[in-house]
Structure formats: structure tokens, C-alpha cells
Amino acid sequence: MKLQTKITLLFVAISTIGLVLLNASIFYFVSDFSFEDFFKRLEARVNLTAETNIHPDKESAAYNQVRTRYLEKLANEQEYIIKLDTAKLPAYKKVVNLPDEFYNSIMANKKARYTEANHFYAGSLFNSHNEKYIVIVTATDPYGFKELEQLKRVLIIIFIVSIILTYVAGKIFSYYTIQPVRGIIKSVKNITANNLHMRLDDVTGKDEIAELVLTFNNMLTRLETAFETQNNFVSNASHELRTPLTIISGETQLLLKGNKVTDEGRASAKNILAEAEKLGHILAALLGLAQTGFDGKKQNWQRIRIDELVIGVADSVKKIDRESVIDIDFSALPDDERLLYTEGNINLLQLAISNIVLNACKYSNNRPVNVQVTASNGRILIKVTDKGIGIPEHEQQHIFEPFFRASNTSDFQGHGIGLPLTLNIIRLHKGTIGIRSEEQVGTEIQISLPVV
């Protein structure tokens, strides 16, 4: 999930929580105000009922007139007067069946309220001429509940609209928040091994973006220094190291041509010459490994047809190892020849594939090696399969490490450099290598390259 999407979702989540709390608070306070107002109206009617019904006097008619003229009749309004001298708690409930807590509250606090669904009850305790009365007035409030239902619908609509607007605002907010990071990503994508001298544009301020740009530029400086050091080594090592090896080989060959060396010395000279040649091969492989590890320049890159390249690899391997048997399988080639082309350095790719085929031939004791070329999903696949000694399962993860050799290869010559060099070359061409192997059964290595 992209950072912009995470910020948007977080923004919406926080806003949603805030809106839920706000709407719940509005609904709670409005409903509480509505119920409080209705109970006050009921309590006013309780007082008027007591004035007009408990020992009425000359003022009772005036109260009754005020009630009739100025107070509206509530929906389902009913009045109950209970005389305490002749009634006990069970008798109260026969008049109005309400919970015991309601009546206990009236006796303790001289008033009580109770709500059941849309029925509201208000009661009070009155003393008149040494007699006690409980006056209860009940009514329904359909208009108040209707207003609350309407308020609920309005709040839900407002909530949905607010969430939509919050999401849009979150997208805009996250877009402009991530814009500096997006610019950094775009600039970083343009920096390769060819232009390590490039730097990100400095950002004014002391925020995290400015710190990130400064840190990345410092890292590029260190990388550029390291790459230049390695480049200088690769450039100079070839001359500085090859020259002494050439002299050693030449002098040893001259020594062998003469007759001034004993048989024992001649054997030693031959060993020196063989080891010098071996050292030369190791040096060449190391230089190639170092170069492909850092050189991202596409020098002499061209469109390469893989089936033709494989044929050339087979010919070159047979010249090196005349006893090798290579079966080329083109039965699964695509009908469209354009799917067989990739872009790269033909010499490097030939070296990489040759290393794999040579290893297959060597470690299978020159039993037939199958090389198959296919193409699918925009990728060219080269499968090299042998029936050799295989690779122990726990060692397969290390075969692309420099100088690593499997534990079952002691009977074969090698330096552990060919496969790491091959991996670097394939990566340089934006490809991948996969391996599947089983001891005493064989090995299959699959190379995948992009179609261009």
C-alpha cells in the first residue's frame, strides 16, 4: 500500500471517529433537552392537577381556566390522584402499574420521572390538610420522537456526506504532503552508475524532507567515491598484475626451451607455468566480476537474438571441451521472431551462458546437456539441464557467492568465480537466474531476460 493511500485512510479514520463522536453528542444533547422540556411540561400539569383536584377552593377555577385556555392538551394525557392514607404500595400499582423505584423516589424526593418507550410519567407528593396525595400525569410525545427520528436521518446524511468530503480532502492533503517525496523518488530513478555525480536538489527548511535529501546526497557522495576507487582498481590492475604474470610465463617458457635445466627443474618449471596460466585465468575472472559488479554503462549494447546466441555458445563450448555433448532444443520457440530479441552486450551475455553450459558439461562428465529456449509473458527463458552430480540442497543458496564450491566438486577443477560473474552479467541485463538441483540426478538453471 502506498504511503499516500495510508495517509488518506488514516485521515479518513480519524475524521470518522471525530464525526461519530460529534453526531452522537448532538443527538444526545438534543434528545436530553427534548425529554427535559417534555418532563417540565408534565410537572407543570402535575401541579395544576393537584391545585384543581385536591381540596379545590375558589382559586381552583382560575387554575383550571389557565390550564384549559393556555396549555395545550398533550397526546394521550391522563391524570392519576392517589391518596396515601388508604393506599399501600401494591395498591399504587393497581392505579398506575409503574416500577417500585418510581414510587419510592416520590416518597423520598417528593417527585419522580419515568419513561417507557414513548410514554412519559411525572409524579409528585402533595400534603393538604394533614393528608398526603400522589399526583401522576402521563402523556406521549409523538412530535418529539418524530423530530428525533428526523434529526437522526439528517445526522446520518451529514455523516455520509462528510465522510465523502473527508476522503476527497484526505486525497488532496496526502497528495501535497507526499509531493516532495514523489519528487525525490523521480530524481533518484534518474541516478545510475553512469551519473553518480548527480545530486538531489537541496530543500530549504529543517524538516524531515530536507534531512532525507541531505542524507541521500551524502550517501551518493560515498557511493561515488567507492565506485571511482573500484573503477581505478579495475583499470590499473589489468596492466599492473598481468605484466608480471606475462614475464613469469615468458621466462618459464624460455627456461623450458633450453637444455640447462635438469629433469627435476624442468618439472618444477612446468608447474610454475601451469600455475601462472591458472593465476591468469583467475585474474581475468576477478576483473570481469569486479567490472560487471559496478559498471552500469551500456557500452556497445545492441539487439541480440537469443537463439543465435545460444548456437554460438554451443560452438564455443565444443571448441573448449571437444568431448562435450550439447543438445539444443528450439521446439518451443515462439512464432513471432521479435519475441527472441533482447538488448545487451553480446560478449558479456555469451560469457555468462557459456559459463553455465561449461559447468553443466564438466559436472556431468560430458553426458548430454540440454539447452532449451522459450519465450512467454515478455521474457526470454534459457534452460540448461544436465544429468550430473547435482548440488547438495543446503548448499544451493551459496553457489553464487564468490569462491564458493560445493562439497561434492573436489574431483573437478574450478575456482568458484564463474557463477558469480554470470549472475552479475545477467543482473546487468535486467534478468534473473533460477536453479533447481538434486544430488546424483542433475541440475537445471533457468535464465530469464527481458524482450525488447
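Reader: What makes Arg305 and Asp307 a salt bridge?

Author: The closest N and O atoms of Arg305 and Asp307 are 2.8 Å apart. A salt bridge needs a side-chain nitrogen of Lys or Arg within 4 Å of a carboxyl oxygen of Asp or Glu. So the pair qualifies as a salt bridge. The model is predicted: local features need pLDDT of at least 70, side-chain atom pairs count only at pLDDT 80 or more, and totals for chains, interfaces and linings use all residues. Residues are numbered from 1 along each chain as its sequence is written, and side-chain values use heavy atoms, with hydrogens and water left out.

Reader: How many salt bridges does the structure hold?

Author: The structure holds ten. One of them joins Lys83 and Glu131, at 3.1 Å from N to O. Lys83 lies in strand β1 and Glu131 in strand β4, so this pair ties together parts 48 residues apart in sequence.

Reader: Why is Glu131 called buried?

Author: Its relative accessible area is 19%. Buried means under 20%, exposed over 50%, and partly exposed in between (1.4 Å probe, protein chains only). So Glu131 counts as buried. Lys83, at 29%, is partly exposed.

Reader: What makes Arg338 exposed or buried?

Author: Arg338 has 60% relative accessibility, so it counts as exposed. Its salt-bridge partner is Asp336, at 3.1 Å from N to O. Asp336, at 29%, is partly exposed.

Reader: Why are β1 and β2 placed at the edges of their sheet?

Author: The open sheet of four strands has the order β1-β4-β3-β2, with antiparallel pairing. β1 (75-83) and β2 (111-116) each have a single partner strand, so one side of each is left without a neighbour in the sheet. Strands here are DSSP runs (E, at least two residues), and helices are runs of H or I with at least four, numbered from the N terminus.

Reader: How do you know that β3 and β4 pair?

Author: Two strands pair if DSSP finds at least two bridges between them. β3 (residues 119-128) and β4 (residues 131-140) have ten bridges, in the antiparallel sense. So they count as paired. Asn127 stands opposite Lys132 in β4.
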